[in-house]
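Here are my notes on this structure, point by point. Please keep the model open while you read.

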Amino acid sequence: ALDHLHPSEPPRNHHVSSIRTGVIGVGRLGLEHARILHQLPGSKLVGVYDVDADRSRAVAERIGTRSFPQPAPLLDAAEGVVIAVPTPAHFETAQAALEAGCHTLVEKPLARTLDEADRLVALAEARRIVLGVGHVERFNGVLVGCEPYIDRPRFIESLRLAPFQPRGTDVTVILDLMIHDIDLVLGLVNGPVVDVKAVGVPVVSSSVDIANARLAFENGTVANITASRVSARPIRQLRLFQSSGYFSLDLQAGRGEFLRRRRDPTGVGESPEDLVDRIELAADPTEPLRRELKAFLEAARGEDSRLVTGPEGRRALAVALGITREIEEFADVVAQDS
């Protein structure tokens, strides 16, 4: 299927400092991408496209860029594009962008199926162009602040709760919300997942709206992940336990603390304060999405980058789909027993 590609072709704009960028899909999130790309040094936003022509024109006018009537002319004009269309359209839209030779950042999840994800990864590799995935939580400032202290977490617990929004219900809460934490966990644990246990139920939509998954890794680490899109208020919390101490992070507020165990040979103290040093972790005020788009531009220029790569996005998708299968099988068993 990739015979028509030319792997020997050099990447576009290999040594160019400013990149012509575009955004396909300018709903709530796509609008933010366009806003930042219009402002970001190293980006020249050439335009936007949305299937809703009125929306596209309104966003273009608001930002001060061009609205394209079709995606193909935008792909011809741009060197790098962000794809923020609904998940069912990710594959077709990203495939067109990659075939046009554009460095491509696809909002999470990378695709609906592993076959689609594999085809996109292979296409980007064949063209030797960047394929990134919008796992923006990786760029949360408080997580960046944790990095100097993280040392092989043994237990990870994440909680991601959001109020219900009709947007996103074209997929389960696993692909809508939980995949953020799946990606975080996979980035923190250096090893393969060997066991998945999960349960989930639909509440207000026709697909799973609340789910819990327990991931066991080959190195012994365990992660417990809960996600809901039917909660009264948003909560994004992450806790990490390792031999040197304990992290408690509020990803929503961008703050947290590391309780680091003191290496004190005198034995047990009289209070917890005698046993640990409390290190406050404050987030850099830079928008995570701005950090992500900066990383995308760096990757497109061939520089070192923190961008979540296509293969990493594919791995997160594989785990998410495994959780989904586990939930579906459990539901089938319950239905048979009832």
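1. Start with Leu74. Leaving aside residues up to four places away in sequence, Leu74 touches Gly22, Val23, Ile24, Val46, Gly47, Val48, Tyr49 and Phe68. A contact here means heavy atoms within 4.5 Å. Leu74 sits in helix H3, residues 71-77. Its relative accessibility is 0%, so Leu74 counts as buried. The cut-offs are these: buried is under 20% relative accessible area, exposed is over 50%, and partly exposed is in between (1.4 Å probe, protein chains only). One of the partners of Leu74 is Val46. These two are 28 residues apart in sequence, and their C-alpha atoms are 7.8 Å apart in space.

2. A word on the source. This is a predicted model, in which local features need pLDDT of at least 70 and side-chain atom pairs count only at pLDDT 80 or more, while totals for chains, interfaces and linings use all residues. Residues are numbered from 1 along each chain as its sequence is written, and side-chain values use heavy atoms, with hydrogens and water left out.

3. Now the overall picture. The chain has 10 helices and 13 strands. Both are DSSP runs numbered from the N terminus: helices are H or I with at least four residues, strands are E with at least two. Of the 338 residues in the chain, 48% are buried. Among contacts with a separation of 6 or more, 67% join residues 24 or more positions apart.

4. Which residues have the most contacts inside the largest nonpolar core? They are Ile174, Met178, Ile182, Leu249 and Ile323, in a core of 68 residues. Helix H7 (residues 173-188) gives the largest share of this core, 10 residues. A second, separate core has 25 residues, including Leu37, Val59, Leu289 and Ala300. A nonpolar core is a set of buried Ala, Val, Leu, Ile, Met, Phe, Trp, Tyr and Cys residues joined through side-chain atoms within 4.5 Å. In soluble globular proteins, nonpolar side chains tend to be buried together.

5. With residues up to four places away in sequence not counted, Ile174 touches Ile179, Ile182, Val208, Ala211, Ala320, Ile323, Thr324 and Ile327. Thr172 lies in the loop between strand S6 (155-161) and H7. Thr172 has a relative accessible area of 15%, so it is buried.

6. Is Arg229 buried or exposed? Arg229 counts as buried because its relative accessibility is 2%. It is found in the loop between strand S9 (222-228) and strand S10 (235-242). The side chains of Arg229 and Asp209 are joined by a polar contact of 2.8 Å. A polar contact is a pair of N or O atoms within 3.5 Å; within protein, one must be able to donate a hydrogen and the other to accept it, and residues adjacent in sequence count only if both atoms are side-chain atoms.

7. Next, a helix pair. Helix H4 (residues 90-99) packs with helix H5 (residues 114-127) at an angle of about 10 degrees, and their axes are 10 Å apart. That makes H4 roughly parallel to H5, a label for angles under 35 degrees. Axes are lines fitted to C-alpha atoms, for helices over the stretch in contact, and angles run from 0 to 180 degrees between N-to-C directions. H4 contributes Phe91, Ala94, Gln95, Leu98 and Glu99 to the contact. H5 contributes Glu116, Arg119, Leu120, Leu123, Ala124 and Arg127.

8. Some backbone points to check. The peptide bond from Lys108 to Pro109 is cis, with omega near -10 degrees. Pro109 is in the loop between strand S4 (103-107) and H5. Arg128 is not a glycine, yet it has a positive phi of about 55 degrees. Arg128 lies in the loop between H5 and strand S5 (131-134). Arg152, also a residue other than glycine, has a positive phi near 50 degrees. At 66% relative accessibility, Arg152 counts as exposed.

9. Last, Arg306. This residue lies in the loop between helix H9 (288-300) and helix H10 (310-337). Arg306 is partly exposed, with a relative accessible area of 42%. Its side chain makes a polar contact of 2.7 Å with the side chain of Glu147.

Key
Angles under 35 degrees count as roughly parallel, over 145 as roughly antiparallel, 65 to 115 as roughly perpendicular and the rest as oblique.
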